[in-house]
Structure formats: C-alpha cells, structure tokens
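Hello,

Here is the structure I promised to pass on. Please open it first, then read my notes below.

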Amino acid sequence: MTKIRFGQVDYLNTLPVYHALEEGILPFDGELVKGPPTMLNKMLLEGKLHISSMSSIEYARNVDQCMILPNLSVSADGPVQSILLFSRLPVTELDGKTICLTSSSATSVGLLKVLFDHYYHVEARYVTMAPDLDRMMTTGDAALLIGDDAMKEHLKVKRENLPYQVTDLGEVWKQFTGESMVYALWVIRRDFAKAHPEAVNALCQTCLAAKSYAADHLEGLLEKSRRRTGLPIDVLVDYFKTINNEFTEEHRKALLTYYDYCYKSGLIEERVRLAVWGEESV
Ligand SMILES: C=C(O[C@@H]1C=C(C(=O)O)C=C[C@H]1O)C(=O)O
C-alpha cells in the first residue's frame with residue numbers, strides 16, 4: 001500500500017497531535033511532511049499529501065476534493081495569542097493604510113479581512129510578505145503574523161518595548177460574534193479516503209491517541225516546545241491551555257459563522273457543508 005503522506009503545520013498549536021508520532025511512541029508507518037500552512041494547503045490540493053492539517057478557509061474553497069477528519073482542529077475560544085496584528089496606530093485608524101500579511105496564512109488573512117469589513121469598517125491596502133516583522137513594518141503600517149512567528153515577535157516587542165500595538169484577532173472575533181474561532185482542520189483527500197478507508201480509520205485513531213498522550217505527558221510536550229521555539233515555559237503553559245484541538249458541535253457552529261462572514265466578504269464562493277469522515281460516505 002502507498003505510504004501515507006501526512007502534512008504537519010510546523011507550529012506548536014498542532015504539536016499535541018504529532019508529538020507521539022514524532023517520538024515513535026505511537027506507530028505511524030508513513031511520512032510526516034512539515035511546513036507552514038499555505039505550503040501544506042497547496043501540497044494537499046495538488047495531491048502531494050494525502051492528509052494534512054489545513055487552514056480552515058481552504059477546506060471551504062475545496063469541499064469537492066476534501067473531507068474533514070473527526071475530533072481534530074486548531075481552535076481557541078477568545079484570545080489565541082498567536083494570531084496577532086502589530087500596528088503603529090489603533091486598528092480603527094488604519095483606513096487607507098498598508099497592511100502586510102504573512103504569506104504563511106490563509107484562515108487568519110480571511111479573519112482579518114472579515115473583521116476589517118464587518119467589525120472595524122476599515123478599508124486597507126494589503127500586501128503579502130514573508131513573516132518578518134521588521135521588514136513588514138518598514139513596508140507598511142501594520143503586520144499580520146501567525147503561529148510561532150507571532151509568539152516570538154510578540155515576546156520581542158514586549159522585551160524591547162517596541163512602539164507597536166498588538167491586537168489578538170481571536171479576542172476581537174469573540175467580542176464580535178461571541179464564538180470560538182476554528183483556524184485549522186485536519187483534512188483528507190476524498191480520492192485517498194475512498195481507496196484506503198481502513199488506513200484512514202487507523203490514522204484517525206492514532207491522532208486521537210496522540211492527543212491523549214500529549215495531555216497525559218505535558219512536561220515532555222512543553223520541553224520539546226521550549227527547545228523548538230526558545231519561548232519561556234510560562235508562555236508555553238498558557239498557550240497549550242488556550243489552544244483547543246477538539247472539533248465539537250460548538251466548533252462546527254463557530255466555523256459556519258466564520259464561513260458566513262467569509263462569503264459576505266467575497267472570500268469564498270459558496271456557503272459550505274461540513275463533510276466529516278465517518279459521518280457520511282465519500
Ligand atoms: C491559531 C493558529 O492556527 C493556524 C492558522 C492558520 C491560518 O491562518 O491559515 C493555519 C493553520 C493553523 O495552525 C496559529 O497558527 O496561530
């Protein structure tokens with residue numbers, strides 16, 4: 001059988017699902033392919049990966065090709081600490097200004113545009129760039145960073161007392177809608193699922209077992225995260241309490257709210273259904 005090519009967004013927020021696989025604690029006879037979200041989104045859609053964690057907005061754009069794996073997501077209910085807009089001015093004063101968007105993100109770029117359109121009523125100019133805060137702030141008036149990049153730069157801004165306002169978009173989304181925000185899903189290609197249903201079931205079980213392992217061995221997860229990012233333990237402890245890797249009914253409702261606003265802002269072409277593996281046929 002073909003070995004599963006399994007994409008891994010290389011940020012801390014997905015690590016609870018991959019830690020036990022990386023360590024060989026749970027069996028995984030496939031290949032882990034690591035990278036930023038936009039790279040993995042593209043690889044999955046081109047058929048270079050079979051399964052991957054994926055920006056939730058990209059699922060909505062590709063429902064015909066993809067299905068969602070059950071009980072997995074990257075979500076947060078309110079402040080998320082890693083989806084941050086750095087700006088010289090308050091967000092309400094960014095009308096007509098240039099916002100530099102990290103080239104690593106899809107969902108959070110959508111979230112920023114939704115909040116600008118429907119919450120702040122601010123119209124800005126957008127430029128996509130590699131995630132480098134210094135360069136971004138030389139080019140524009142504000143910068144959107146996500147994941148470990150956002151957390152590291154936030155720490156630097158605090159330590160060096162840099163004159164930037166930092167807005168947590170998860171917090172603003174919660175103020176606006178009262179909902180959680182679902183940033184990423186685990187998604188499988190329909191063609192692979194159809195051809196290898198047992199392998200998909202087995203991998204779903206492994207991912208859930210991996211999440212339990214990470215929750216039961218938090219020390220190991222924290223130590224690995226500290227080594228990987230250099231972030232202090234107290235920041236990491238807080239972050240793993242904030243990130244939720246479940247996909248409950250409440251998350252589904254919140255995701256559909258996000259998709260509704262994306263549709264209103266012209267970021268997705270249709271209002272989508274959530275097709276979850278195991279709940280309907282491929
Ligand atoms: C909360 C986060 O979720 C991420 C945000 C993504 C996006 O904006 O496209 C994609 C994958 C997630 O890992 C984060 O990375 O900070």
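**Helices and the sheet**

Helix α6 (residues 147–159) lies across β5, β6, β8 and β9, and runs at about 125° to β8. Keep in mind that this is a predicted model. Helix α4 also has a place on these strands: α4 lies across β5 (83–87), β6 and β8. Its angle to β8 is about 140°.

Now the sheet itself. It is open and has five strands, in the order β7-β6-β8-β5-β9. The pairing is mixed. At the edges are β7 (125–129) and β9 (165–168), and each of these pairs on one side only. Neighbouring strands are turned by 25° against each other on average, direction ignored.

As a reminder, strands of a sheet pair through backbone hydrogen bonds, either parallel or antiparallel. Take one pair as an example. Strand β6 (residues 98–102) and strand β8 (residues 142–146) pair in the parallel sense, over three bridges. Look for Cys 100: opposite it stands Ala 143 in β8.

**Around the ligand**

The ligand is surrounded by 18 residues. The closest are Ser 55, Ser 82, Ser 108, Gly 147 and Tyr 183. In this shell, 10 residues are nonpolar, eight are polar and none is charged. Helix α4 (107–120) and strand β10 (181–189) each supply at least two residues of the shell.

Where does the ligand lie relative to domain 1 and domain 2? It lies between them, because domain 1 (5–75 + 181–264) and domain 2 (83–177) both give residues to the shell.

Best wishes

How values were computed
Residues numbered from 1 in each chain as written. Predicted model: local features only at pLDDT ≥ 70, side-chain atom pairs only at ≥ 80, totals over all residues. Near = placed C-beta within 6 Å. Helix = DSSP H or I, 4+ residues; strand = E, 2+ residues; numbered from the N terminus. Nonpolar A, V, L, I, M, F, W, Y, C, P; charged D, E, K, R; others polar. Domains from an automatic or database assignment. Pairing = 2+ DSSP bridges. Axes fitted to C-alpha atoms, helices over the stretch in contact; angles between N-to-C directions. Contact = placed C-beta atoms within 7 Å.
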